[in-house]
Number of protein chains: 4
Amino acid sequence: MSSRREDKRKRIIDAAVDVFADKGFFQAKVSEIAEAAGVADGTIYLYFKSKDDLLISLFREKMNEILQRFSAIRDEGSPEQQLRRYIAEHLAFVAEKPKLMQVLTVEIRQSPRFMKEATPQAFGRYLAVLAGIIDRGQASGAFRKNLDPVLISRALFGLIDEISLSFVLSNENEWARRDSTEVANQLADFILRGIAS
Amino acid sequence: MSSRREDKRKRIIDAAVDVFADKGFFQAKVSEIAEAAGVADGTIYLYFKSKDDLLISLFREKMNEILQRFSAIRDEGSPEQQLRRYIAEHLAFVAEKPKLMQVLTVEIRQSPRFMKEATPQAFGRYLAVLAGIIDRGQASGAFRKNLDPVLISRALFGLIDEISLSFVLSNENEWARRDSTEVANQLADFILRGIAS
Amino acid sequence: MSSRREDKRKRIIDAAVDVFADKGFFQAKVSEIAEAAGVADGTIYLYFKSKDDLLISLFREKMNEILQRFSAIRDEGSPEQQLRRYIAEHLAFVAEKPKLMQVLTVEIRQSPRFMKEATPQAFGRYLAVLAGIIDRGQASGAFRKNLDPVLISRALFGLIDEISLSFVLSNENEWARRDSTEVANQLADFILRGIAS
Amino acid sequence: MSSRREDKRKRIIDAAVDVFADKGFFQAKVSEIAEAAGVADGTIYLYFKSKDDLLISLFREKMNEILQRFSAIRDEGSPEQQLRRYIAEHLAFVAEKPKLMQVLTVEIRQSPRFMKEATPQAFGRYLAVLAGIIDRGQASGAFRKNLDPVLISRALFGLIDEISLSFVLSNENEWARRDSTEVANQLADFILRGIAS
DNA sequence: GATGAATGAGTCTTCATTCAT
DNA sequence: GATGAATGAAGACTCATTCAT
């Protein structure tokens, strides 16, 4: 049955997220992933060509899910509201699935190869959501026009990503227990002031 | 002669920066570093306990050099000027030593182990420079007081770091050829607006 | 229906001949053979105990077919004529079914295990046809008696086999395009002179 | 010291000859060869790029040694004497180093890849010695001219090789204990009759 | 101190074989 | 009988580290 097959593939990807997040890509053993997924080592190779392919596939698929979630943002509210929602969604997602976020933002960077082969497309689309918000904000006069949308969207991504990272990596971090909504608001205030016209 | 010894140690660290930046930590071979440094494989183990130790030592030492450069910032000018200078220095440094920057920001993240063992101290001190500027700005009334200095300094670091990263990783990036001064100014404008009271 | 079963078994053996000839026994995958035969991987194990068993069964069965073809030789003509016919038949067979010949002479040698378990019997019978011709030739006075029939039959087999091999393995060999009849005649002339009394 | 290095390389090759002869190329484990050579597994890879490379290097080097031994034949005596000596040398060599002979004639054939990459050159030179003897014999009028030297040299090689093989593979073969000189004489008688004019 | 040959633990990947459907 | 997804044992190869010179 097809659902059986998809089920097993999903279990492997989910196991890979956990193990990659815990050990890092290069230190993660395929056999650990297999064990975590409850399948035999060889089974992984029925679904993925290699350990590399597993990471890349994982990235593509999870990134697509996230993109769908985020692409809905553009459809409602003012640019300011969209930006707030983007930040809130991102931080909520991090709070919700910290391991996935770590793999998507940290482990994937490990090899320039992944950065070149797999990420530009998906990562670029993720950035494009942000750049789109800024574009529309500039067009509507809500945001200053003398800021480069590409530069600023990348800067904002870095800002949000770093905060996400500190959530993800710090177990007993000083703000780890803060409500992500509060953090999101504070960041949004800061950013909106920075780009408001 | 002590200078001889220091010379060889330095050559190994510089070679490691190059190789780690090019290949990534886990894919870099000790023998490649040895070759790039012009020493025998075994010689590296006279100066560093292990490959891990080489990365950590590299990080600590280079970070200290950078910190000295940045800690001078606090001594002159207004918080706004200090923040501008901080950003400018960071981007100038990236333009100057992109490989070192890549190792310090990307490779070092590879393993949570490094994040936990070696970086918090040095990295924390680097962030502290930024947090100090914000603190003093809030104290002097130049910056808004309802922003958490720790959160904002981390956010600003992420922002600057991401832009640095895009410089480092992109060979034909759209803004790769821009003058780093111009970028620094634009970022500073954005940030200062965001935190100005 | 029994013929159905036999049909599938035959298809597997024929596919195995092709794949073993192309890839060699150890590099041939059971799944390739299954695909070439148009059956599922598991089906092969309904007809053969193992990959080894497939090779051995293939050898035995094909060898028996060949032996029937060759054993008819002993029934007609003089020893000289029989020897000529033996050589001609062998080379004609090679020209006709080069892949089968390659499996029977090259792949089967790969493992001493096959040489010990499966081939001696069948191979011995094949040699026996040759030895029988020589025996009868010596008895009739046509062939010299101071040649050991076992040694000479083996020598002749090697001679013919090597020429066969060069046919099988060489695509653009210098004599690959020659008529096998011509080659057979030349070899027969040489051999008959060598053993004639 | 260079002799140390060469010594270790030689030990590996000699161990490989033993193991390849006993188990066959594909069933021989690199670790077995290492153990037989008294070195660590990894050491083999300091001298050879891969298991394949080990077999090919072994073949090339041993073949060259043999060729030097055989190429001396052409310098003395009549073609008949040369042919006798060639056969005698070949069989003596087989009796002396049966495992090496098995690797050189049986194992090397396993993969068409080896046949194409490594052997044609060396094998061709070996055959050329034989073809040269026949050529000179035909030129001097000692051998019949209506036999193709290339065909006949290949046929003779097959003949001699098969007898060698039966020596090599049969432990309790009926003629295994015979004096190789006697066998060589009998074969030489047969062959010389066959090609004498 | 310096060397670099040697080590051998560690792991990805393959593929013959099995068995639930 | 037939299937083919799943299994997991097996092995080539890498490379950080050591140590005799």
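How many residues of chain C are in contact with residues of chain D? I looked this up and found 33 residues of chain C in contact with 32 residues of chain D. I counted a contact where C-beta atoms, placed from the backbone, lie within 7 Å.

Before going on, I noted the ground rules. This is a predicted model, where local features need pLDDT of at least 70, side-chain atom pairs count only at pLDDT 80 or more, and totals for chains, interfaces and linings use all residues. Residues are numbered from 1 along each chain as its sequence is written, while chains are lettered from A and ligands numbered from 1 in the order in which they are written.

**Entry: the C–D interface**

I asked which elements build the side of chain C that touches chain D. Helix H7 (112–117), helix H9 (149–169) and H10 of chain C each give two or more residues. Helices here are DSSP runs (H or I, at least four residues), numbered from the N terminus. H9(C) gives the largest share, 13 residues. I sorted this side by class and got 19 nonpolar, seven polar and seven charged residues. In this scheme Ala, Val, Leu, Ile, Met, Phe, Trp, Tyr, Cys and Pro are nonpolar, Asp, Glu, Lys and Arg are charged, and the others, Gly among them, are polar.

The same surface serves both, as 97% of the contact residues of chain C recur in chain D.

**Entry: H5 against H10 in chain C**

I checked how H5(C) (residues 79–96) packs on H10(C) (residues 180–195). The angle is about 145 degrees and the axes are 9 Å apart. Axes are lines fitted to C-alpha atoms over the stretch in contact, and angles run from 0 to 180 degrees between N-to-C directions. The contact includes Leu83(C), Ile87(C) and Leu91(C) of H5(C), and Val183(C), Leu187(C) and Ile191(C) of H10(C). Its residues divide into 12 nonpolar, two polar and two charged.

**Entry: the DNA strands**

I found 33 residues around DNA strand E, with Gly42(A), Ala40(B), Gly42(B), Gly42(C) and Gly42(D) the closest. A residue is near a strand if its C-beta atom, placed from the backbone, lies within 6 Å of it. This surface has 10 nonpolar, 10 polar and 13 charged residues. Around DNA strand F there are 33 residues, and Ala40(A), Gly42(A), Thr43(A), Gly42(C) and Gly42(D) come nearest.

Technical notes
Contact = placed C-beta atoms within 7 Å.
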